[in-house]
Amino acid sequence: MRASTRRLGARTGYYTTTTALAILFLFPLVWAGWASVKPTPGSGQTVGYGLGNFANLWNYGQGLPTYLLNSVVVAVLSVIGTVVVSTLGGYAFARFRFRGHDLLFLATLAILMVPYPTLLIPLYVLLGWLGLQNSLVGLALVLMMFQLPFAVFIMRNSFEAVPRELDEAAMLDGCSSFAVLTRILLHAVRPGLVTVGLFAFLASWSDFVVPLILISAPDKLPLPVAVVSMQQRVFGSIDYSVLEAGVVVLAVPCIFLFLVLQRGYVRGFMSGSLRG
Amino acid sequence: MSKLWPRFHCSRAALIGAAALATMASGIAGCDKSKEAKPSGNPDDGTKLTLWTRAATEAQSKLLVEAYNASHKNKVELTVVPTDNYAQKIATAAGGKALPDLFAADVIFAPNYTSKHLFLDITARIDALPFKDSLAPAHIKLGTYQGKKYAVPHTLDLSVLFWNKDLYAKAGLDPEKGPTTLKEMAEHAKKIQALGGDIAGTTMGGNCGGCGVFALWPSVWAAGGEVMNAEGTLATLDSKPVKDMLAIWRQLYADGIAQPGSKDEQGPTWVGRFQSGKVGVGPMPSTTLAMMDAAGLKVGVIAIPGPDGGQSTFVGGDVVGISATSTHVDAAWDFLAWSLSEVAQVEVLAKHKDLIARTDLTENKYSAADPRVVTTLKVIAQGRTPFALNFNQTFNDPQGPWLGTMRGALFGPDLDQALAEGNAKVTASLTQK
Amino acid sequence: MRRDRRRLVGMAYATPLAVIVAVLFLVPLGLVLWMSLHEWPLLGEPTLNLPDNYTAIAHNPLFFDAVWFTLTYTIIVTIVLFAAAFGLALLVQRHRPGVGLFRTAFFLPGAVGFATASLLFYGLLSRDLGPLNPILSALGVIDKPVSWISGSPKLAMGSSIGLVVWRFAGFNMLILLTGLQAIPEDVYEAARMDGAGRWQQFLRITLPLLRPTIALVLILMVTGSLLAFDQFYILTNGGPDNSTTSVVMVIVREAFTRFDLGSAAAVSVVVLATLILFNAMQLQMLRRGDRPEDR
């Protein structure tokens with residue numbers, strides 16, 4: 001076989017395989033989208049295709065805008081919190097040696113190793129003590145805590161990848177450590193920041209169990225809890241279509257953010273080959 | 001940054017940590033005796049109350065709350081919690097000593113909650129009600145623990161037999177007459193199965209413990225049998241009435257008359273199977289009647305029979321009570337008492353085609369309008385709500401022993417053996433501390 | 001002196017993290033430990049009952065079955081998920097027209113929360129309601145509807161693994177991708193000049209240089225699988241017949257079905273201790289492969 005034919009064969013093979021896999025991965029989301037608009041008996045859309053299920057979602061309980069707003073507030077708060085805390089912490093781990101350095105890092109990583117249902121009751125009590133029970137701020141703090149292991153890891157690696165010469169040069173010019181951080185390093189680790197922010201957003205936007213337990217006021221519930229409540233009706237009758245509509249509403253902002261920031265976070269992981 | 005910081009850092013942090021832990025632990029441990037409400041003349045004084053309910057009960061709770069809020073100064077704020085996570089939320093709130101003022105509970109879980117003192121003792125208040133003897137007795141019984149009453153009925157959900165009149169007509173059966181014995185139901189189902197296609201004779205929740213309890217146990221009671229003793233501490237699943245009933249269902253599955261897919265039904269789509277119009281006859285929750293009508297089905301309703309006759313039902317639904325940590329007891333009781341009043345029962349619930357908790361109001365104009373509702377209400381007298389402290393972990397929980405026993409009896413190699421072994425496990429679970 | 005000052009500055013930057021970790025994690029964790037030593041009623045005074053909560057674990061048949069299942073599941077899903085993530089990473093690592101779209105497609109499932117994704121799959125794989133059986137029938141792959149979620153223990157585990165791979169392959173693919181892309185091109189170039197074929201390049205260059213990344217991915221996967229909960233709770237209900245009940249499900253059952261908080265805390269402590277031990281070992285291996293003298 002001539003080399004060019006072989007290459008054509010290989011390339012076709014590649015695209016066929018990869019496209020097939022892509023379809024497989026996209027299928028469930030596409031199905032959710034289709035199921036949310038197709039006619040289903042007993043749902044909000046019984047005849048023909050349309051947005052009946054979305055209408056149900058809009059009108060449910062306190063109304064979709066309320067739930068969306070709560071989700072946005074919680075997500076924004078936890079993103080800001082996660083980015084700030086993990087950046088400062090990552091900077092500390094990468095550039096400084098201090099007492100408790102290793103202990104703090106291990107304690108942060110240990111958050112990954114605890115089954116989250118175990119922490120829910122003590123967290124609930126703790127938030128009550130801090131006066132943050134039933135509040136979006138309290139919820140955002142807890143969600144931020146669960147994000148920290150991954151975020152601190154990424155930021156630490158990002159900072160470690162920046163050559164120390166940069167710091168030293170700036171300090172020779174009389175910059176304090178804070179100035180070094182804000183004026184120079186932050187730009188260098190921007191991909192890491194984007195990654196951390198995006199993952200923190202995804203996690204807190206779509207979390208179900210933590211807000212379910214920590215929030216009781218019906219007007220403070222974020223969207224995922226409302227969607228699950230909506231679909232669990234009288235004994236055994238499940239309104240699947242409204243769940244699919246909820247999935248679509250929840251997924252669309254994520255997909256959008258994702259596509260927009262794609263270049264940012266791929267490089268975010270890349271900053272610094274991942275060391276231990 | 002103070003030079004003192006690094007020196008005291010470790011020990012101070014440790015002290016603060018220990019203090020925080022100790023305070024938190026003692027705070028949680030400290031028994032919060034529910035504070036007596038300020039004695040106010042009128043309980044309807046503009047208090048804000050919180051009520052939690054399961055998503056499964058949302059419709060009825062919402063109706064009552066809206067009607068109450070519209071006619072009272074007190075305002076009830078309703079929180080709807082996904083049914084499958086309800087126990088988790090209650091447990092967490094209880095652990096944090098922060099239960100809402102009022103919360104509803106699945107009636108069969110009531111003994112668990114009352115034995116853990118989550119509800120406030122309202123014996124005196126209930127006994128002061130003029131209609132106290134007309135409150136659904138099964139619900140009151142389940143809300144009673146060691147002689148004290150803790151909860152009142154909130155919603156009722158009974159298990160009954162639905163049959164699809166169109167499919168009956170097609171199969172040559174009389175569409176106006178439902179089966180009066182379980183064996184007759186099997187016969188009807190067989191004829192409907194013969195229609196072919198994807199039509200099934202009957203259906204059940206084969207992988208759902210709660211469905212099995214709800215749908216199958218009435219046949220045992222109708223035959224005069226028992227599934228366990230009155231205290232809920234000893235199971236009698238290996239008794240003849242239980243075996244007879246399970247043998248019939250086992251045969252239905254073996255012959256393919258019971259919808260094969262329903263063998264793996266975990267519960268969420270159990271009702272949807274009948275709603276699709278593809279099932280001829282089967283046990284269903286009475287509260288889904290309106291849903292079936294809305295789906296365009298012509299449904300007949302009859303009580304669940306025993307193998308050779310008799311009638312019974314599983315009287316399910318919710319009870320509601322005042323939580324032990326509430327600080328607005330008088331206002332909360334005002335809502336509860338109102339929810340049981342004639343106005344609430346008839347003009348709110350019955351009008352909405354829901355079953356009512358007061359046996360002295362069953363002849364109201366709304367319920368009388370639909371003969372099927374009348375049929376259902378009449379069965380309450382022969383219905384039961386089984387009592388057991390560990391009901392959830394034994395019968396409803398997918399990891400509990402009942403589901404394995406039921407499936408072993410229905411689908412396993414040996415029905416008698418499955419019941420003999422399972423019965424011991426169920427008893428052990430019922431008595432587990 | 002300067003070093004002291006630098007240490008203080010470092011601590012200052014680490015303080016927000018230390019506060020959050022201490023207050024929101026270590027304190028609740030301490031409480032869990034405390035609770036595991038008591039009979040802890042929902043309302044009312046707890047009473048010390050050491051070591052009853054721990055010894056009761058030995059008498060809990062559900063626990064041991066769950067441990068066995070969780071270990072088996074972890075091994076299987078780690079192999080499958082790793083192969084999937086690595087395969088995908090290899091597919092999309094080189095720049096070609098459209099590779100960005102492919103990367104997005106694989107990562108997109110990460111946009112859905114895991115609890116919601118489990119609910120989604122419940123509908124998708126449903127024997128009578130979902131599209132999978134009709135499609136497979138039409139393609140001639142099956143001739144009868146299959147109960148993917150509860151038909152048999154193997155099917156149930158398979159469905160859960162399918163859900164996990166769908167949801168997390170893209171995420172892990174990305175981590176592996178960056179590791180792959182961090183290997184300089186000239187190393188490959190030099191090897192090619194020495195006559196090394198593609199397979200040899202993969203074995204001698206790619207795999208060794210990728211070791212730290214692989215180790216990280218494995219740690220995340222193994223820890224996540226040992227703590228698996230949502231997919232079994234929501235998708236399979238731990239069934240059929242308790243064949244897919246994981247250890248965390250046992251914890252949740254103790255806490256929220258049996259309302260025995262002390263017992264739940266005790267099992268949690270046992271799980272945590274195991275994981276710490278396990279990850280400490282893994283981190284050792286990771287560190288060893290990463291020291292400059294080992295390269």
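B:Lys165 is buried, its relative accessible area being 18%, where buried stands for under 20% relative accessible area, exposed for over 50% and partly exposed for what lies in between, with a 1.4 Å probe and protein chains only. This is a predicted model, in which local features need pLDDT of at least 70 and side-chain atom pairs count only at pLDDT 80 or more, while totals for chains, interfaces and linings use all residues. Residues are numbered from 1 along each chain as its sequence is written, chains are lettered from A and ligands numbered from 1 in the order in which they are written, and side-chain values use heavy atoms, with hydrogens and water left out.

The secondary structure of chain B consists of 19 helices and 11 strands, where helices (H or I, at least four residues) and strands (E, at least two) are DSSP runs numbered from the N terminus. With a radius of gyration of 24 Å, close to the 22 Å that the globule rule gives for 433 residues, chain B is as compact as a globular protein of that length; the radius is taken over C-alpha atoms, and the rule is 2.2 Å times the number of residues to the power 0.38. Of the 433 residues in chain B, 60% are buried, and in helix α3 (residues 86-95) of chain B this holds for 10 of its 10 residues. After α3(B) comes B:Lys97, which has a positive phi, near 55°.

Side chains of opposite charge can pair when their charged atoms come close. Counting as a salt bridge a side-chain nitrogen of Lys or Arg within 4 Å of a carboxyl oxygen of Asp or Glu, the total over all chains is 26.

| B:Glu176 | B:Lys165 | 3.2 Å |

In the salt bridge between B:Glu176 and B:Lys165, B:Glu176 lies in the loop between α7 (165-170) and α8 (182-193) of chain B and B:Lys165 in helix α7, so the pair ties together parts that are 11 residues apart in sequence. B:Glu176 is exposed, at 54% relative accessibility.

B:Asp166 is partly exposed at 36% relative accessibility, and B:Lys298 is partly exposed with a relative accessible area of 48%.
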